[in-house]
Amino acid sequence: MDMTNLRDWCNPGLLHRNRLPSRTPFIPYPTEAMAAEELRAASPYYKSLNGEWNFKWLPRPDAAPDNFGDAAFDLSGWDRIDVPSCWQMTYKYDLPIYTNVNYPIPLDPPFVPDENPTGLYVRDFTLPATFAGRRTHIRFEGVDSAFYVYVNGVEIGYSKGAHMPSEFDLTEHLIPGRNRIALKVLKFSDGTYLEDQDMWRMGGLWREVYLLSFGAVSFADINLRGDVDDAYSTGLLKCSVALRGASGEYTLKARLYDPAGELFCEGEYPAAETVAFSMQVPEALLWSAEVPNLYRLSLTVCKDSEVVEAISSDVGFRRIEIKKGVFMINGRAVKLYGVNRHDTNPDTGHTVSMEDMTRDLVEMRRHNINAIRTSHYINDPRFLTLCDRYGFYVIDECDIETHGDQNLMLPDPEDPTKLVKTTISALPMYASSYVDRAERMYLRDKNHPCIIMWSLGNESSEGKNHELMAEYLHRVDDRPVHYERAYDAPYLDVVSRMYTHYKDVPAECKKAGNRPFFLCEYTHAMGNSNGDVMDYIRVINAIPNMMGACVWEWADHGLRIDLPDGRKGFAYGGDFGDKPNDGNFCVDGLVSPDREARSGLLEVKKAYEPVFAEDLDADAGTVYIRNRYVFSDLSHLAAHWTVTENGMIIAQGIIPSLSVPAGRRRKFDLGFEMPEGRPGCEYFLDISFTLNHDLWFEDRGYEIGHTQFALQPKVTLPGFPAPTGEAPTTHVDGDRFVITLGDTSYAFSLDTGLPCSIEFEGKELLASPFRFNVWRAPIDNDVFVSKEWYREHLEDYTSRLNSFAFLGKKDRVIVSGSFTLGAHTRMPLLRAAAEWEISSAGMSCRIDVDRLADMYTIPRFGFEVLLAPGIDNVEWFGKGFHENYLDKCHSATVGRYTAKVAEMTEHYIFPQENGTRSDVRFAGITAKSGIGLAILGDPRFCFSTHHYTTDDFFKAKHDHELVARQETCLNIDYSQHGIGSGSCGPRADRPYVLDEEHFCFKFRICPYAAEDISLDMLFAAGK
């Protein structure tokens, strides 16, 4: 293609105009002490241009006045906009567009539409007096997507790359005092074809903008490498410093301070264009994510012992190696327990603050995450500094994704009359753009010890351009290179895949041979998800060359919006009329947009936990504690153990010292005795591992890990007394069959054969009759399996009563019925035979179910019923506290829990099945008076309580559309189809699906007054 007459923003061969070479970001200071404090705002050589700018939005770039950047240009009538920000987040200009794969423009590289939203930015500033006589640079940390820079009406340069830094020298065009800076920012450019990431598409000055002042002799760049010798003992610092204007009368002084801040060594070197030196640190304190030891290198340029300019940089000593396919840091095999992270904030879009970044890292560490893939672009440089200091392994990903080019057809170079299928990654006209982005990533981020691997981008097919990127990175650096779409290409050091089923991981690891295998995305966290994470982690930990995996993804991308009634809500794709859009596929995180933890994050925390107990000898009272850290002992943790009876503590103690070396285990004597058991009671030993002192991410007492053991004592003590029996009476009342025992009555509908009323002490407990429930509001992970459910019309199923009978005995009444469940057009789904036994112990149900339809799985089986308003206090003995399911239960321990019904609902942005508690022995839902309903397992059941019905969740498209009912909706379930992570990954595994041809569900319901009798007594009475 002839690119000589292309517009700048449609010319992939034009990488920039007058942009300075990429470099490590640093702030110059006048003294070593100021550089050490890193208060950049205090530097006389730094000036932030963040804040309010004048702004004009235009539908196309050629609508911009030629002289809009002139000092005399009239800005009256222009709007004001915050910088940094995305202009779409004002909800006044343009539309936020959420699309995953599809481009928001026609697929016609390198061209973009003439209708190309454009933002004009203008700001006046006063050049600080401290900048006088020095060179002044302006640095943009990120502008989406291409832009022109003007100073006092003069065009300075042009750059592109939405997530890449750009720096320009303004010196020749500045004047003392007041100056005007102006930008023309284009939303679309030829670079847009490389920026097709799964995210909201936005534009503007979305990262920081600032000025820097440099003297005639100043730092230009710094290249640090903190290595370790082969014995992993002596640190080896290699440093190359690029200087501007240096001559023989200047010297470079280097001082290295240890992690305690003490001067360790220093050196002085003649200044030159490039100064290279090295330092050795015997018995170095090494850097890892677990123990992020950082030294500090102070560099000063001096003339006659007077400091001309000073900078400072963290140094981490660590060695990254791959040996026999095993990924190693400092000579030890390391597993990456990771997440993928976007820059996202519900109020500011892609613009994130230091507080946002810090909060993300705090929450990650609280949940045992040790690795981050910067999906799918380089993050703010300050984020990497935080990762260095707090301790996270980072896969630094280049700003390249061309996912939407899958249907690209271009003329065949050998026969232009024919079209051939190709990809942008294979186009020679984009080769320089690919390498440019790899180079800018490396040169900006090269000095961070947290970066353990480079990524060539994401979902961009595979082509020659990737090979060129890898060649560049291998030439300048020794860290591994990965790229998932190239899989096992010879130019990669790590073999990567996405969403491989955990059962297939061992075969993939074997195929990888002497290279590590890495799941750069797995266990897709969309909505109620992550039911498979523990299965993955078991495989990851078992295979030496399986280096780890990163959850997709960290945070939901919902944007906060104002609702007509004054409330706030979260929007997803399509809510702004944006086209194309991929709906709610952007709300797929472990945390909500405002960083509230989802239950999936708790499951991840459990799977990633670095400490646990194993091999309990209950008779001896001993247990082994396993330390899964690679470099740390357990001295920062305390352990507290409890023995519970039906969830109530009956014994407890502490382990005073957890001295367990990294990667080892040790036997501990807990000093507890096996309890004497009682009928109807269960006993558990729980060991909680908590911080024994405050750390940067959480206070003392915070739980890092937890292990629960079921105890099996011999039953030697009497159980709870059984309730006194009394004779029931029966009568038919219209269309109801009524059974009365004292102050309790039960009624069955003669039309449905199911309970329709339970009265206790004169109070009606039900607000609706019982109904069979085989449906759930599909979770995002049901996207494929639900097609079968919809084909069978399960959302519209009905129940037909085939037979109904009752039999009275001396102290009980037995009601029986047979039922057929099915939906219109289809053959029946289930046939059920139910028997209800009503006595002073309550109403016992046994239901035998045969599946008639040939289906892979059904959503659930159980009953749904509305309880009377005010019955909203919940107590249960089972797994909790948070929601849990058949395959999403490892983080939930069996215990005694209480909650309000409103607390039992998990508010996913896209409403779906939620809030179920599984493996429940008994539960009670009561009113403020203490009167309510007990559900007693025979032996176990699942349940949920909400102020919404299944149908409410099913019909709503946003959480804010749900209207809470006065009543409590109670679901009593035999089981549900598993959770998995199938919205973008394998479907739920066979052990977790509800596919039984026949099953029997038994439980008991009993009205009760909590002040008169406990749930334990009610439960034991039926044993």
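Biologist: What makes Asp 733 buried, partly exposed or exposed?
Modeller: Its relative accessible area is 40%. Buried means under 20% relative accessible area, exposed means over 50%, and partly exposed is in between, using a 1.4 Å probe and protein chains only. The 40% of Asp 733 falls in between, so Asp 733 is partly exposed. Before we go on, please note that this is a predicted model: local features need pLDDT of at least 70, side-chain atom pairs count only at pLDDT 80 or more, and totals for chains, interfaces and linings use all residues. Residues are numbered from 1 along each chain as its sequence is written, and side-chain values use heavy atoms, with hydrogens and water left out.

Biologist: Why do you say that Asp 733 and Arg 736 meet in a salt bridge?
Modeller: A salt bridge is a side-chain nitrogen of Lys or Arg within 4 Å of a carboxyl oxygen of Asp or Glu. Here the N to O distance is 3.6 Å, so the pair passes the rule. Arg 736 has 24% relative accessibility, so Arg 736 counts as partly exposed. As background, side chains of opposite charge can pair when their charged atoms come close.

Biologist: How many salt bridges does the count come to?
Modeller: The count is 84 salt bridges. One of them joins Arg 23 and Glu 167, whose closest N and O atoms are 3.0 Å apart.

Biologist: What makes the pair of Arg 23 and Glu 167 a link between distant parts of the chain?
Modeller: The two residues are 144 residues apart. Arg 23 is in the loop between strand E1 (16-17) and helix H1 (32-37), while Glu 167 belongs to strand E11 (residues 166-169). Helices (H or I, at least four residues) and strands (E, at least two) are DSSP runs, numbered from the N terminus. Both residues of the pair are buried.

Biologist: And what do Asp 615 and Arg 665 tie together?
Modeller: Asp 615 lies in strand E38 (residues 611-617) and Arg 665 in strand E42 (residues 665-669), so their pair ties together parts that are 50 residues apart in sequence. Their salt bridge spans 2.5 Å, N to O. Asp 615 has a relative accessible area of 46% and is partly exposed, and Arg 665, at 32%, is partly exposed too. There is also a network of salt bridges, which links Arg 225, Asp 227, Asp 230, Arg 319, Glu 321, Lys 323 and Asp 478.

Biologist: How do you know whether Ser 455 is buried or exposed?
Modeller: Its relative accessible area is 0%, so Ser 455 is buried. You will find Ser 455 in strand E31 (residues 451-455).

Biologist: What makes E41 and E44 edge strands?
Modeller: 4 strands form an open sheet in the order E41-E40-E43-E44, with antiparallel pairing. Strand E41 (648-655) and strand E44 (703-711) each have a single partner strand, so one side of each is left without a neighbour in the sheet.

Biologist: How do you know that E40 and E43 pair?
Modeller: Two strands pair if DSSP finds at least two bridges between them. Strand E40 (residues 637-645) and strand E43 (residues 683-691) have 9 bridges, so they pair. Glu 645 stands opposite Tyr 683 in E43.
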